[in-house]
Amino acid sequence: MITLSNVEKVYQTRAGKTWVLRRINLEIQAGEFVTIMGPSGAGKSTLLAILGMLDGAWGGEYRFLEHQVHRLDNRRRLALHKQFFGFVFQQYHLIDDLTVAENLDLPLSYRDVKRSERQAMVADTLDRFQIVAKKDLFPSQLSGGQQQLVAVARAVIGQPQVILADEPVGSLHTDQGRMIMDLLARLNREGTTILQVTHNPEWAAYGSRTINLKDGWLVDPDVVTGTRH
Amino acid sequence: MLQDLRLAFRSLSRQPGFTALAVMTVALGIGANAAVFSVVDAVLLRPLPYPHPDRLVALRSNQSVPEVEDIRAAATSLDQVGGITLFGLDLTTDGEPHRVTAGLVDAGLFDVLGAVPASGRLINRDEDVIGGPPLVVLSHGFWQQRLGGAPGVVGSTLTLSGRAYTVVGVLPAGFTAPGQAPDLWASVRVVYPAGAIRGVHFLRTYGRLRDGATLGELASEMTALDARLAADYPAESRNRRTVVLPLLERMVSRVQPTLLTLFAAVNLVLLVAAANLANLLLSRALRRLPETRVRAALGAGRWALMRPLLAEGLLVSIAGAVAGLTLARWSVHALVAMAPASLPRAETVSVDGRVLAYGLAVAMVTSLVFAALPAWTTTRVDLAGALRARSRGTVSGRGRLPSVLIAAEVALSVVLLVGAGLLIRTLHQLGRADLGFRPEGVLTARVELPESRYQKLATQTAYRDQVLAGFAAAPGIEAALISEPPLSGQWLTHDLAIEGVSVAEGDEPETLTRSVAGDYLGVMGIPLVQGRWFTRDDRAGGEPVAVVNQAFVRAYLSGQHAAGRRIAWARRQPMQWMTIVGVVGDVRHFGPASGDGPAVYTPYAQAGVPWKRWQYVVARGGSSPAELARTVRHVLWSIDHSIPLTDVLTADQLAGSAVAGQRFQAALLGVFGALAVLLAAAGIFGVTAQAVTARTAEVGVRMALGARPSSAAVLLIRRALTVCAVGAGIGLAASLAAGRLLSSALYGVAAWDPLTLGIAAVVVVAIATAASAVPAWRAARIDPAAALRE
């Protein structure tokens, strides 16, 4: 599904070039649950941004399904992002001024889905995530776990093939974190490919494979750890 | 978009402080703009309230009654022509005299203006002849206010200046002559037959172009007619050159530069408000940058990212426009009250549908453009940033846009302050200008003797003698005179013949003349330079005498000794020579900014102009103006209680009215300048406060490294002042260019007056310092430990 060949990311500063990612070669199959680990500054979030097609300024080759991403212009790359990817952020990043239902509606509205269809999809998702009672509440009226639950619901409502989760439970206490990770695992079992960034070995273990990054280099890319839950 | 508006409303209502500030900013800009536009629209833009106003023309200069007839006969490009002059008549009801303003017309004027009576009929051309029946047509306002809207008024009789006039009709509400609103209308030939002679050019003359005819054709016809009349009547019509103008242009051309200058100025205020709004929206958009990144990460395109910001801008603009237009409705009355009396069509100024539509349109366009600026800037997001933003409150600066906007606000404020300053300096200089007389302690009142009882010169002279004797005996009156005082707006000119100077007939110099009785020099404080003033011996039947001013001696006598030289009115037959017996100092008769033109003073008793029954009684006294006015009334009414007094004013008030235009302009520019500075100060405050928020961590680090608390404040104030200094510099340069627009309104001060430029710059920089000091002081109080924890 995803193939990276010699992907590199570099920032030009006054002090010279700063390498963020170096010669990354990586293959991810559809249906995998991949964990990206590494110390701060290793390039995890940058790799996630490149994989999610939010970042277009890098070198090397990136193939996604039948698309040669490295040859696409910005507009077509973002169109792929919109069609295939959903994001879950560490800080939830729900829109404060929108209700739960409106937050769920947001990615659909950006995909030009008809209003009647959107309403049905939002209702389904609220039901599926058991948050119907919360649909008219604002994010500030929810607990951290509930906010991240809504954030995951928002990531999947567009039925993406890949979910990119950047420390999805980094701001939650253990019980809430486990609930979210169980949810991601369930989505993975239902066929969604998941790539998560985490520092926590417990959450990393939810993945079928772990990729370690250090100073922009992929460390021992063939190592596979952990078990499926 | 409806959804965006709904969400924008919710978002704004959750930020009442920001929303109130943004709405107030738009309201001030739109309110001032709409108020001035309502004046510009009513005065300059709206068609005149007559049928086919595009075909109406005005002839410059005034024509005599016979000349109007000549034009009617000769100008084939005109359908109709007519003229009007205003004339005071005394209406006596229940024994009380009231002054009414009559429009004495050539009846063709009714056809020119397309007048249709609301009831009764108009005066027709057959009745508009010398010796014709005494008829009047009433204005609607006069009928309602003076006669209580009496239903049977048509056919009734009014006694005006001792003569009975039959009311034949009432005009509809709002119908007036161009720029003049008489109480009633009558035939000039019937009311004032003595004036219906060729040499008295006193009719403001208007025409209606024939369908398809052009101004150029009419101008050619008038040129040919002027040439023919000059040949036929050289004494009366030589060197006359009639200029043809569209009526609207003729009416508004004097005030047009002032109004356009004010409109330009109020648009600068709007720009300052818009720049401020852009800064407010920018700071809000920057605070929402993390949210914008998230939206982008969720798939929002550029337009989708901009829409919420534009929707907020739109809502703010609508709310601001509503508040601003309400403000305009309140302020427009004050604006019209402040306007000089010479402002034409002032009575039609109102905040109506056109102004509302204009205000809403300007608000929406301005707000959307200036909301688009921050929306465009802040939606060029780094998508990957959504993954990196760890703190929800993270705000980064967005380039130089806030500073550019502040510099622009400061520059525009400086331009407005310089404009206001120049006009205030002009007013000051006008106030200091030597008028040639002393206005302090002088009271004037206009008196017009009714023709029925004061037709002959002897009765007029007797009345004037009684008045002067009454004042001589009245307590508190130091000196009194009867004449037309300087600045009263009343004057007569005569073509002058000077003994020993040969001039072709019709080329005689036209000179200001004043008929006087009493102690003119004593009351007005005018110096006698040479010879003597008039004495009681200078009476009818005595040797005719005249006094001239120094400008007269310079202009016509080559500065030579004047006493003993003889002059005469060129048109009088037989020629009556007057001996110059004295020379007095020059007086600025038409206002402090006018020049000292030649003037001739003659005694009323010798003037031989019994038709000139109007005059001002002028008294000097040490008491208050109110006390002086009571004494003047008592003296005049003890002699003839049926003569009304009008225009009871102090000479200071007369001097004030002479500069009313400049005062109006200065006051409005001052208000606009203050508004602009206020808005700019709010903008500087906001941007500095934003910088404090954005740099809290930096300030914390600096303090942790040993910086003094005050150094953080100094740093922020210095940054604000640098931006303001750049803006002030640009503003001063722009002021030099803009000063040229004002130069015609300036007096005694140059458009590049360094004092004004300096004061404007200092005021703006001082206010900028104060506006930045408040949030900067907050920076100095930052707890470094808390700042580093954030």
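**A:Q130**

I started with A:Q130 and asked: is this residue buried or exposed? A:Q130 is exposed, as its relative accessible area is 72%. I keep in mind that this is a predicted model. I then placed the residue: A:Q130 sits in the loop that runs between α4 (115–128) and α5 (144–156) of chain A.

**B:R345**

Next I turned to chain B, where B:R345 also has a positive phi, about 60 degrees, although it is not a glycine. I found B:R345 in the loop between α12 (302–338) and α13 (353–378) of chain B. Is B:R345 buried or exposed? Its relative accessible area is 8%, so B:R345 is buried.

**B:D70**

I looked up B:D70 and traced it to helix α3 of chain B, residues 65–74. I noted a relative accessibility of 17% for B:D70, which counts as buried because the limit is under 20%. Which residues does B:D70 touch, leaving aside neighbours within four places in sequence? I listed B:R198, B:L225 and B:L229 as its contacts.

**Chain B as a whole**

I stepped back to chain B and wrote down 26 helices and 21 strands. Its C-alpha trace spans about 105 × 55 × 50 Å along the principal axes. Of the 790 residues in chain B, 55% are buried. For the accessible surface of chain B I have about 32800 Å², with 59% belonging to carbon and sulfur atoms. I also checked contacts in chain B with a separation of 6 or more: residues 24 or more positions apart account for 83% of them.

**Where chain B meets chain A**

My last stop was the contact between the chains, which takes 23 residues from chain B and 31 residues from chain A. How much area is buried between chain B and chain A? I have about 2500 Å², of which carbon and sulfur atoms give 54%.

I then went through the pairs. Three salt bridges link chain B and chain A. One of them joins A:E102 to B:R6, with the closest N and O atoms 3.2 Å apart. I also noted nine residue pairs in polar contact between chain B and chain A, both residues at pLDDT 80 or more. On the side of chain B that touches chain A, α1 (2–13), α11 (289–297) and α14 (385–388) each supply at least two residues. I sorted the residues of that side into twelve nonpolar, three polar and eight charged.

Terms used
Residues numbered from 1 in each chain as written. Chains lettered and ligands numbered in written order. Predicted model: local features only at pLDDT ≥ 70, side-chain atom pairs only at ≥ 80, totals over all residues. Heavy atoms only, no water. Contact = heavy atoms within 4.5 Å. Buried area = accessible area lost by both parts, 1.4 Å probe. Salt bridge = Lys/Arg side-chain N within 4 Å of Asp/Glu carboxyl O. Polar contact = N/O pair within 3.5 Å; in protein donor to acceptor, adjacent residues only side chain to side chain. Helix = DSSP H or I, 4+ residues; strand = E, 2+ residues; numbered from the N terminus. Nonpolar A, V, L, I, M, F, W, Y, C, P; charged D, E, K, R; others polar. Buried < 20%, exposed > 50% of the residue type's maximum accessible area, 1.4 Å probe, protein only. Areas by Shrake-Rupley, 256 points an atom, 1.4 Å probe, with all protein chains shown as cover.
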